[in-house]
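Please keep the sequence and the model in view while reading.

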Amino acid sequence: MTNPTKPPTPAEYAVIAILFSAILIGLGIVGLVIAFRFPPEKHDAAMALEHYAGWSLAIGIMVAVFIWLIRKITN
């Protein structure tokens, strides 16, 4: 019996990677905005959120740059 589904194309992988990058960047921006609006009494929680949001933003940007480089090299 054969498999009725076909394997994903490189364009479909690119769409998944771009969406992943956009979600990480969006979550990072939202996290930073929320962290800056925390009250002074919750400084520790704000710093933790700022840390995680910064990492999310940085990873999202790195994924976007990696996608751009791969597409630039392969085309």
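The paragraphs below go from the overall form to individual residues.

The model is a predicted one. The protein contains two helices and zero strands. Its C-alpha atoms fill a box of roughly 60 × 35 × 15 Å along the principal axes. The radius of gyration of the protein is 18 Å, whereas a compact globule of 75 residues would have one near 11 Å. Of the 75 residues, 16% count as buried. The protein exposes about 6200 Å², and carbon and sulfur atoms supply 75% of that area.

T5 is found in the segment before helix 1, which covers residues 10-36. T5 counts as exposed because its relative accessible area is 55%, and the cut-off for that class is over 50%. Although T5 and I18 are 13 residues apart along the chain, their C-alpha atoms are separated by 23 Å.

Helix 1 has 27 residues. From its first C-alpha to its last, helix 1 reaches 39 Å, close to the 39 Å expected at 1.5 Å a residue. Which residues of helix 1 are buried? They are A14, S21, L24, G28, G31 and A35. An α-helix has 3.6 residues a turn, so residues three or four places apart point the same way. The buried residues of helix 1 pack against helix 2, which covers residues 43-74.

S21 has its place in helix 1 and is classed as buried because its relative accessible area is 3%, where the class requires a value under 20%. Apart from its neighbours within four places in sequence, S21 is in contact with G60, V63 and A64. G26 itself counts as partly exposed, since its relative accessibility is 31%. For the protein, among contacts with a separation of 6 or more, 63% are made by residues 24 or more positions apart.

The surface remains to be considered. I61, V65, W68, L69 and I73 form a nonpolar patch there, and together they have about 520 Å² of accessible area. Is I73, one of these residues, buried or exposed? I73 lies in helix 2 and is exposed, because its relative accessible area is 66%.

Note on methods:
Residues are numbered from 1 along each chain as its sequence is written. This is a predicted model: local features need pLDDT of at least 70, side-chain atom pairs count only at pLDDT 80 or more; totals for chains, interfaces and linings use all residues. Side-chain values use heavy atoms; hydrogens and water are left out. Helices (H or I, at least four residues) and strands (E, at least two) are DSSP runs, numbered from the N terminus. Buried means under 20% relative accessible area, exposed over 50%, partly exposed in between (1.4 Å probe, protein chains only). The expected span of a helix is 1.5 Å times one less than its number of residues. Contact means heavy atoms within 4.5 Å. Patches are made of residues with over 30% relative accessible area and no salt bridge: like charges are joined within 9 Å, nonpolar side chains (Val, Leu, Ile, Met, Phe, Trp, Tyr) within 5 Å. Accessible areas come from the Shrake-Rupley method with a 1.4 Å probe; for residues, only the protein chains shown count as cover. A salt bridge is a side-chain nitrogen of Lys or Arg within 4 Å of a carboxyl oxygen of Asp or Glu. The radius of gyration is taken over C-alpha atoms; the globule rule is 2.2 Å times the number of residues to the power 0.38.
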